[in-house]
Amino acid sequence: MEEKIVRAVSLFLVMFSVFICSSLFYLPALEVKAKQYVAKQMQLRRDREEREEMWATLSGLEFLDYSTRQAYAAAEGELGEEQVAQTLDFPQQLRLELPKNCTKEDVTIHDHYVTRTIEFQIKGAGDDYPVRYPMLGKSDHISELNYYAGNDGGTLELVMEHVYELSLDWQGQYLYIDFIAPQDIYDKLVVIDAGHGADMPGAIVSGVQEKDIDLAIVKQIKKLFDQNEDQTIGVYYTRLDDSDPAFADRAGLPNDIGADLFVSIHNNSYPAAASVNGTAVLYDEKKETEGNSSKHLADILLKKTTEALGTKNMGLVAGNDIYVIRSCEAPAALVEVGFMTNPKELANLTDKNYQKKCARAIYEGILQALEEGY
């Protein structure tokens, strides 16, 4: 028994001696690695502190450029030029990194065309998100870059120089983003405007607000275009909610994208005589009235709408004094569907089926105009 104990102790001592000798042999290398690790952590801390300082002093776009340069410099020091190219030379314009434990399902994207603003709402992103996960890439086409933190996450806001569609490519924790001009996607471009909105309700009759009727008709038009299989037509809307875009933005949207035509939906009122009824369409009388003009577009829409709804044809009305008509570079028409002060028309205008009939008439009028070469 004692012999077994002696052997076990001897074996342990031999193994322990080997371990000590081996440790002494590798100790310098371990010490070097430890120093390298500490140095790397210190450098990461200094980089983080520098980014925090830069985020506090630079504009969003300046910080984007700074972060991109810093990322390249850091990568070149660690990886070498070939690996840097594989890691950072992505073909898209921007790379957005998600926080840890965040997936693409936690990201909501809103492209507000009328204000040229794109929002990336990211759940779980905190106050320090831009510093911890800086966006990288080029600042082309962007006029402002802002970040706002909230209780449920953060919002990265890009204010663009022009209206762009997004091309998105998800790869793990990264979202690669490109911006594409509408003209590069669609053959024909249409802008549809729902009149009034928010604190500008338009006419109010028996508690019914014009803004709601205008929007309801436009939403029905959108359904029809969404169901249209012709993918060569791009349709943009100045509002699809209870907002009130500025006149300059309503007319600016078709001008920015180079729209082929612009249609605004409104409703009339004439408190002095409830018997007055019918449909009228406004056009720009101070621009060319021949061919594919504002006047001809208005005429198409007037005929389509009155025939579909059976309303009285009130004719074409000179509308150059209306800002959105006067300021729009594309042929523009403003449809006054009916008179809210006429009880019968008000009942019709608030009826969903009637709104659908009106929407289809305007939709078909737009398609006819495009077929005629607008």
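**Close-up views of a predicted model**

The structure holds eight salt bridges, a salt bridge being a side-chain nitrogen of Lys or Arg within 4 Å of a carboxyl oxygen of Asp or Glu. This is a predicted model, in which local features need pLDDT of at least 70 and side-chain atom pairs count only at pLDDT 80 or more, while totals for chains, interfaces and linings use all residues. Residues are numbered from 1 along each chain as its sequence is written, and side-chain values use heavy atoms, with hydrogens and water left out.

**View 1. Salt bridge between Asp256 and Arg116.** The closest N and O atoms of Asp256 and Arg116 are 2.6 Å apart. Asp256 belongs to helix 6 (residues 247-257) and Arg116 to the loop between strand 2 (107-112) and strand 3 (117-123), so the pair ties together parts that are 140 residues apart in sequence. Helices (H or I, at least four residues) and strands (E, at least two) are DSSP runs, numbered from the N terminus. Both Asp256 and Arg116 are buried; buried denotes under 20% relative accessible area, exposed over 50%, and partly exposed in between (1.4 Å probe, protein chains only).

**View 2. Salt bridge between Asp193 and Arg250.** The N to O distance in this salt bridge is 2.7 Å. Asp193 and Arg250 are both buried. A network of salt bridges links Asp193, Asp244 and Arg250.

**View 3. Salt bridge between Lys303 and Asp299.** The side chains meet at 3.2 Å, N to O. Lys303 and Asp299 are separated by about one helical turn, because they are four residues apart in helix 7. Lys303 is partly exposed at 43% relative accessibility, and Asp299 is partly exposed with a relative accessible area of 22%.

View 4. Glu157 is buried yet has no salt bridge, and the nearest side chain of opposite charge, Arg116, is 13 Å away. For charge, Lys and Arg count as positive and Asp and Glu as negative, whereas His and the chain ends are not counted. The side chains of Glu157 and Tyr148 are joined by a polar contact of 3.5 Å. A polar contact is a pair of N or O atoms within 3.5 Å; within protein, one must be able to donate a hydrogen and the other to accept it, and residues adjacent in sequence count only if both atoms are side-chain atoms.

**View 5. Open sheet of four strands in the order 4-1-8-7, with antiparallel pairing.** The edge strands, strand 4 (136-137) and strand 7 (165-171), each pair on one side only. Two strands pair if DSSP finds at least two bridges between them. Strand 1 (residues 94-97) and strand 8 (residues 174-180) are joined in the antiparallel sense over four bridges, and Arg95 stands opposite Tyr176 in strand 8.

**View 6. Ala198 and Ser206, residues other than glycine with positive phi.** Phi is near 55° for Ala198 and near 55° for Ser206. Most residues other than glycine have a negative phi. Ala198 is found in the loop between strand 9 and strand 10 (204-205) and is partly exposed, with a relative accessible area of 26%. Ser206 is placed in the loop between strand 10 and strand 11 (208-209) and counts as exposed at 69% relative accessibility.
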